[in-house]
Amino acid sequence: MATYHQEGQTQLPRADAVRSRLIDTFSLIEHLQGLSQAVPRHTIRELLDPSRQKKLMWEDQQQLVRFSIKPQHTGQISQAQRLLSKLHVRCSQRPPLSLWARWVLECPLFTNFIIFLIFLNTIVLMVEIELLESTNTKLWPLKLTLEVAAWFILFIFILEIILMWLSSFSLFWKSAWNVFDFVVTMLSLLPEVVLLAGVTGQPVWLQFLRICRVLRSLKLFARFRQIRVIILALVRALKSMTFLLMLLLIFFYIFAVAGVYFFAEYTRSPHQDLEYHMFFSDLLNSLVTVFILFTLDHWYALLQDIWKVPEASRIFSSIYVILWLLLGSIIFRNIIVAMMVTNFQNIRKELNEEMAHREVQVKADMFKRQIIQRRKNVSPETLRSTHGKTDDSSRGAIQQKENLDLSEVSKVESIYEATEEDIITSASKPEMTLSKKKEYQSSSSVSSTSSSDASSSESRFSESVGHLDWETLVHENLLGLMEMDQDDRVWPRDSLLRYFELLEKLQYNLEERKKLQEFAECQITPQVSSSPSSCLPIPFCITGS
Amino acid sequence: MDVKRSIRRKDDEFRAFVKRVIMSCFFKIIMISAVGSNAFFTALWTSYDIRYRLFRLLEFSEIFFVSICTSELALKIYVDPTDYWKDGYNMLDVVIIIITFLPYAFRRFLGKQFTYLHVADGMQSLRILKLIRYSQGMRMMITAMRQTVYTVASVLLLLFLLMYIFGILGFCLFGSQDGGDYDNWGNLAVAFFTLFSLATVDGWTDLQKQLDNRDFALSRAFTIIFILLASFIFLNMFVGVMIRHTEDSIKKFERELMLERKMTLMEEKQVILQREQEEVSRLMHMQKNADCKSFSELVENFKKTLRHTDPMVLDDFGTSLPFIDIYFSTLDYQDMTIHKLQELYYEIVHVLGLMLEDLPQKKPQSLEKVDEK
């Protein structure tokens with residue numbers, strides 16, 4: 001292990017990372033072991049390039065290709081597209097019926113037609129209900145048209161369901177919206193079928209089923225994207241609250257059963273004018289009463305009624321009611337509200353993240369342009385010193401500068417850390433970044449305050465004060481820059497090796513410079529803190545140089 | 001103590017066996033089914049009709065449940081007498097057993113006509129709480145709720161204080177024996193109930209009407225101020241406090257999850273990097289490479305095989321032009337900063353030097369002053 005690094009050099013995680021990147025890119029280990037045949041020398045982009053492909057195929061058929069695939073989001077692939085690329089569809093003489101059914105279903109004309117029919121169904125139903133009781137004979141043709149329209153709409157809905165079954169039967173049942181559609185349509189179909197079969201009894205039940213026609217308007221929920229989002233948000237919020245609701249149900253049970261026993265005397269008492277006499281008589285009644293207490297309705301009247309009976313002990317009944325009120329209606333209800341609020345906040349945050357992602361990309365684009373511009377007007381101005389700005393020559397400024405130095409170094413580290421996509425590389429770096437992160441935090445706060453002081457002169461992206469804005473700018477735009485679609489980065493191989501070597505050496509050099517800096521500083525700072533009477537020759541040496 | 005230890009040593013195997021039995025799935029299933037069925041039958045017990053018809057079945061299930069509970073308690077205490085009391089759910093078990101034995105105890109020792117017998121009967125419904133320990137989700141929920149207990153308790157205490165103040169005030173104003181509203185404000189307990197009814201704004205108009213009938217001057221102001229304070233402010237403060245707590249706990253949970261994931265990832269990376277280093281050093285120690293003293297010599301041969309015209313297409317950010325640009329800019333800034341720092345050091349040292357030159361003149365002066373004294 002000692003011979004891994006140069007002699008007398010400390011272990012530097014960043015340099016190690018560069019080296020392991022080098023090893024990995026060139027597959028050095030396999031090469032040095034003599035397995036140069038097993039080393040991939042081409043990437044997949046070279047293979048797909050038609051100009052290079054022929055040359056590659058002629059050179060050596062056993063060449064190995066390095067695969068590095070970045071998954072790209074191409075958007076929604078509809079089921080029809082998938083079906084189109086299947087082999088049996090392409091090879092058959094006539095396109096299958098499912099393809100045509102899917103095309104019809106996705107055609108915007110058809111979907112708008114269905115939406116129009118749903119609205120029409122609602123209106124027809126409204127008018128029909130109004131005219132149900134009237135016996136005006138002149139309105140009879142109108143009633144007939146309404147009835148025919150209702151039947152026609154139902155027929156079209158059934159047709160739509162059959163079309164969906166045609167396109168793919170198994171997928172139909174996997175989507176909850178489709179199942180809901182099916183249930184609603186069947187429910188409104190049921191009374192008609194029953195009527196046709198000739199069952200005459202129990203007209204109230206039939207009447208109720210007819211009114212289920214109105215449920216058809218609920219089909220609207222599946223069509224509009226906005227409503228879907230809201231309903232999905234609601235369902236998610238409810239899902240996360242299942243345990244809470246179960247706990248609430250358990251408490252309902254406990255208090256209901258206890259209530260039957262506690263108020264047995266009250267139920268059995270022969271007292272005459274008791275308003276809520278039967279409220280705790282049975283388990284079902286007790287459940288309803290517990291729910292009434294949960295909604296805080298007339299609880300004091302109930303309690304006073306119970307007090308009228310002398311055998312029911314006042315203490316226990318008051319304890320029961322007050323305890324249930326505190327626990328159920330005050331605490332539980334507020335917990336439910338709190339969970340709903342946090343869930344909705346989370347859902348909104350997720351929806352916003354998508355938009356924020358896009359914004360980050362736009363900003364990264366601008367940043368890239370700025371960098372290119374900046375490199376053009378570089379160098380002579382960078383070394384212009386700004387003594388006027390740093391008028392506090394005390395240790396505070398030194399500390400700030402050191403922090404800035406260290407933080408810039410840590411920024412570079414974080415840049416490099418973020419660049420590694422390979423698992424191998426950036427393992428040991430986080431240790432350094434973690435230790436430097438604290439300094440970075442303090443420095444960023446210091447830099448933000450000092451940037452607010454110093455931002456008076458420069459508002460644009462400029463060099464002299466710019467280095468205070470630089471870090472935050474880089475930090476913000478880094479992620480977006482990384483994810484941007486880069487043009488092909490083509491390197492000549494030996495230049496690439498040289499680049500990695502130089503980068504590694506640069507890290508060592510930077511480390512050495514930092515050490516020298518620290519050495520110089522620790523010679524000076526003891527002098528600043530101690531009394532001026534104690535003099536040492538060392539400061540004179542440095543003054544001389 | 002020694003005797004106990006020797007006893008323990010002898011039946012360690014049996015203890016381990018019993019412990020395995022208690023932790024097993026089968027035991028859990030028995031417990032869950034016993035508690036569940038007993039809860040169901042307790043619900044059925046409430047109706048006199050069903051009790052009359054299914055008396056034997058219900059009695060049998062009752063005996064079954066009690067026996068299983070006590071044996072579970074005995075087994076668990078036998079396995080671990082000292083640690084048993086640390087778990088909250090075990091304490092709950094003990095409390096429920098005590099509650100279960102209460103009706104028997106009352107009937108046996110205090111006779112059948114004891115007035116609070118039905119209270120003891122009613123408390124049997126608490127048995128269903130034994131089911132909570134078997135469900136992971138419920139346990140998490142209970143631990144989450146436990147953290148909100150302190151804030152809830154403090155808000156309730158504040159509410160109690162407020163009600164106390166207004167109760168005394170109301171009693172003095174409205175509760176006198178003659179001419180006052182004795183029923184609702186006569187003593188402190190009734191006054192509390194009235195105030196709680198106002199706080200939950202249930203039927204408060206009736207109470208207000210009672211006060212109006214007796215023609216009290218301040219009653220309206222009193223009631224309205226109390227309702228504003230208690231119902232609008234305090235009871236809604238609950239909601240705010242709970243929201244903050246749930247948000248905090250969810251954020252903490254997510255942060256811990258993120259941290260855990262990062263730690264495992266870093267460990268994996270560490271392992272892989274370690275392995276690679278070992279591999280390379282091993283290569284350098286190998287026989288044919290014995291003369292190579294450093295890594296760069298090792299790859300000399302490899303470098304010679306690389307041709308300049310051989311292109312290599314790379315995908316990662318580290319070899320892209322924007323990265324190089326950013327890196328150079330950062331290095332430039334770094335250089336600038338260090339340059340400034342060095343100039344600052346020179347200045348400091350220069351100032352110190354000047355101070356040192358001034359010093360020898362001050363010293364003899366101070367010595368003279370000392371001599372004078």
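This is a predicted model: local features need pLDDT of at least 70, side-chain atom pairs count only at pLDDT 80 or more; totals for chains, interfaces and linings use all residues.
Is Leu296(A) buried or exposed? I looked it up and found Leu296(A) buried, at a relative accessible area of 17%. (Buried means under 20% relative accessible area, exposed over 50%, and partly exposed in between, with a 1.4 Å probe and protein chains only.)

Residues are numbered from 1 along each chain as its sequence is written, chains are lettered from A and ligands numbered from 1 in the order in which they are written, and side-chain values use heavy atoms, with hydrogens and water left out.

**Two positive phi values**

I found Leu296(A) in the loop between α17 (283-294) and α18 (299-308) of chain A. (Helices are DSSP runs of H or I, at least four residues, and strands are runs of E, at least two, numbered from the N terminus.) The phi of Leu296(A) is near 60 degrees, a positive value in a residue that isn't glycine.

Then I went to Asp215(B), also not a glycine, and its phi is positive at about 65 degrees. Asp215(B) sits in the loop between α12 (204-213) and α13 (219-285) of chain B. Asp215(B) is exposed, with a relative accessible area of 69%.

**Asn90(B)**

Next I checked Asn90(B), in helix α6 (residues 88-110) of chain B. Asn90(B) is buried at 7% relative accessible area. Its side chain makes a polar contact with the side chain of Arg133(B), at 2.9 Å. Leaving out residues up to four places away in sequence, Asn90(B) touches Lys76(B), Tyr84(B) and Arg133(B); contact here means heavy atoms within 4.5 Å.

**The nonpolar patch**

Which helix gives the largest share of the nonpolar patch? I got α13(B), with five residues. Both α9 (149-174) and α13 of chain B supply at least two residues each. One residue I looked at in α13 of chain B is Phe232(B), which counts as exposed at 52% relative accessibility.

**The record**

I also read the UniProt annotation, from an unreviewed entry: "transmembrane region" covers residues 21-45, 88-106, 148-176 and 217-243 of chain B. Such annotations may be inferred rather than shown by experiment. I checked two of these spans in the model. For residues 148-176 of chain B, the end C-alpha atoms lie 41 Å apart, and the span is 90% helix and 0% strand. For residues 217-243 of chain B, the ends lie 40 Å apart by C-alpha atoms, with 93% helix and 0% strand.

Notes
A polar contact is a pair of N or O atoms within 3.5 Å; within protein, one must be able to donate a hydrogen and the other to accept it, and residues adjacent in sequence count only if both atoms are side-chain atoms.
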